[in-house]
Amino acid sequence: MTTAWFDPRYIDLALVLLVVEGVALLVYRAKTGKGPAPRGLIANFAAGACLLLVARALLTGAGGLATLAALTGALVAHVVDLALRWERGAKARDGDHPKG
């Protein structure tokens with residue numbers, strides 16, 4: 001396999017596309033009221049972006065601190081995303097079965 005596949009510019013391109021997609025979805029939501037909720041979308045995309053940054057750090061030999069920072073960011077964003085999904089699920093269940 002050639003080293004061209006391991007070019008960090010591919011990670012940069014993926015990050016740019018991730019940002020473009022996120023902005024497009026947020027604009028769509030703002031204009032139509034449809035689509036994913038902004039908080040959940042941002043948390044999900046942040047986790048993905050941080051994982052891409054981990055890959056970039058490893059490809060460029062950025063060092064342990066940069067890799068650890070990106071992994072920590074991915075973990076925090078993932079936990080936020082999970083908490084938001086959990087909260088949404090609980091609200092949906094409570095709405096299906098009124099108390100009392």
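View 1. Axes here are lines fitted to C-alpha atoms, for helices over the stretch in contact, with angles running from 0 to 180 degrees between N-to-C directions. Helices are DSSP runs of H or I with at least four residues, numbered from the N terminus. This is a predicted model, in which local features need pLDDT of at least 70 and side-chain atom pairs count only at pLDDT 80 or more, while totals for chains, interfaces and linings use all residues. Residues are numbered from 1 along each chain as its sequence is written, and side-chain values use heavy atoms, leaving out hydrogens and water. The axes of α1 (residues 8-32) and α2 (residues 38-60) cross at roughly 175 degrees and come within 9 Å. The two helices are therefore roughly antiparallel to each other (angles over 145 degrees).

**View 2. Where α1 meets α2.** In contact (heavy atoms within 4.5 Å) are residues of α1 including I11, L15, L18 and L25, and residues of α2 including L41, F45, L52 and L59. By class, this contact has 16 nonpolar, two polar and four charged residues (nonpolar: Ala, Val, Leu, Ile, Met, Phe, Trp, Tyr, Cys and Pro; charged: Asp, Glu, Lys and Arg; polar: the others, Gly among them).

**View 3. A look at α1.** Buried here (under 20% relative accessible area, 1.4 Å probe, protein chains only) are P8, I11, L15, L18 and G22. The buried residues of α1 pack against α2. Just after α1, G33 takes a positive phi of about 80 degrees.

**View 4. A look at α2.** Among the buried residues of α2 are G40, F45, C50 and V54. Following α2 comes G61, with a positive phi near 70 degrees.

Notes: Parallel < 35°, antiparallel > 145°, perpendicular 65-115°, else oblique. Buried < 20%, exposed > 50% of the residue type's maximum accessible area, 1.4 Å probe, protein only.
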